[in-house]
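My notes follow the order in which I looked things up.

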Amino acid sequence: MTACPDQEQRLDLHAAGALEDDEALGLIQHLEGCEGCRQALASSRELLSLVALPALSPQEKTELQELPRRTLSEWRRGARRQGLGLKTMGALVATAAAVTVVLLVPGAWRLPGLGLETPVTATAAPAAHVEELDAETMAAIEAWAGLEPLDAVLLEDSDGWDDDIDFDVGETL
C-alpha cells in the first residue's frame, strides 16, 4: 500500500517532529483509518532514525551546559586584558615622557624646596648641543627602552661620540 499523495509531505514532517499540534492532530485522525499512511509514517521514522545523531554522552551534556558560562568568562577575561593593556601602555607613555623631560630639559629634575633650585636662563641652547651622558646612564636608558647597547665604535671619541658618524640621541630614545 502507498500513502495518500496529499499526506506524504505531512507524514515526513510528522516523523521528524516538525508539525504543529493542530496539524499533527488532524494527521493522527487520518492515520487511524489509512493503513498506507501508517506504513509510510513507519518507513519515514525508520529512515530518519538511521540519520539521527547518537545521544550525547554525559561529558558532552556537561560541556554543552557549560558553554554559555565559559564563553562569557572568556569574553570578560579578554576585555579585562585589553583594558589592562591600554592602562599599561598609557603608564609607559607617561613614564617615557617624564624621563624625556628630565633628560632633555636642563634643570627640570630640580625640585623647589629641596635646596636644589637653580635659576633657569632664557638663553636657548644651540640646536646641535646634546647633553653628555655617562656610559652607565646611557646603558640604563637603553635597557629600559629595550634597545641594543651602542657599539664601542661609537664611544671612541673623548666626548663619547665618533665625529665620523652623524648620530642623533633622539633617534635611540
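**Cysteines**

I began with Cys34, which is buried because its relative accessible area is 13%. The model is a predicted one, and I kept that in mind throughout.

I then asked how many disulfides the whole structure holds, and the search returned zero. For Cys34, the nearest cysteine sulfur belongs to Cys37 and lies 3.4 Å away, and Cys34 takes part in no disulfide. The cut-off I needed here is 2.5 Å between the sulfur atoms.

**Helix 1**

I listed the burial states along helix 1, which covers residues 8-16. Leu11, His14 and Ala15 are buried there. Viewed down the axis of helix 1, the buried residues fall within an arc of 100°, so they line one face. On the other side of helix 1 I found Gln9 and Ala16 exposed.

I also looked up what the buried residues of helix 1 pack against: the partners are helix 2 (21-33) and helix 3 (35-51). After helix 1 comes Gly17, and its phi is positive, near 80°.

**Gln7**

Last, I turned to Gln7, in the segment before helix 1. Is Gln7 buried or exposed? I noted Gln7 as buried, because its relative accessible area is 8%. Leaving out residues up to four places away in sequence, Gln7 touches Leu27, His30 and Cys37.

Terms used
Residues numbered from 1 in each chain as written. Predicted model: local features only at pLDDT ≥ 70, side-chain atom pairs only at ≥ 80, totals over all residues. Heavy atoms only, no water. Buried < 20%, exposed > 50% of the residue type's maximum accessible area, 1.4 Å probe, protein only. Helix = DSSP H or I, 4+ residues; strand = E, 2+ residues; numbered from the N terminus. Arc of directions from axis to C-beta. Contact = heavy atoms within 4.5 Å.
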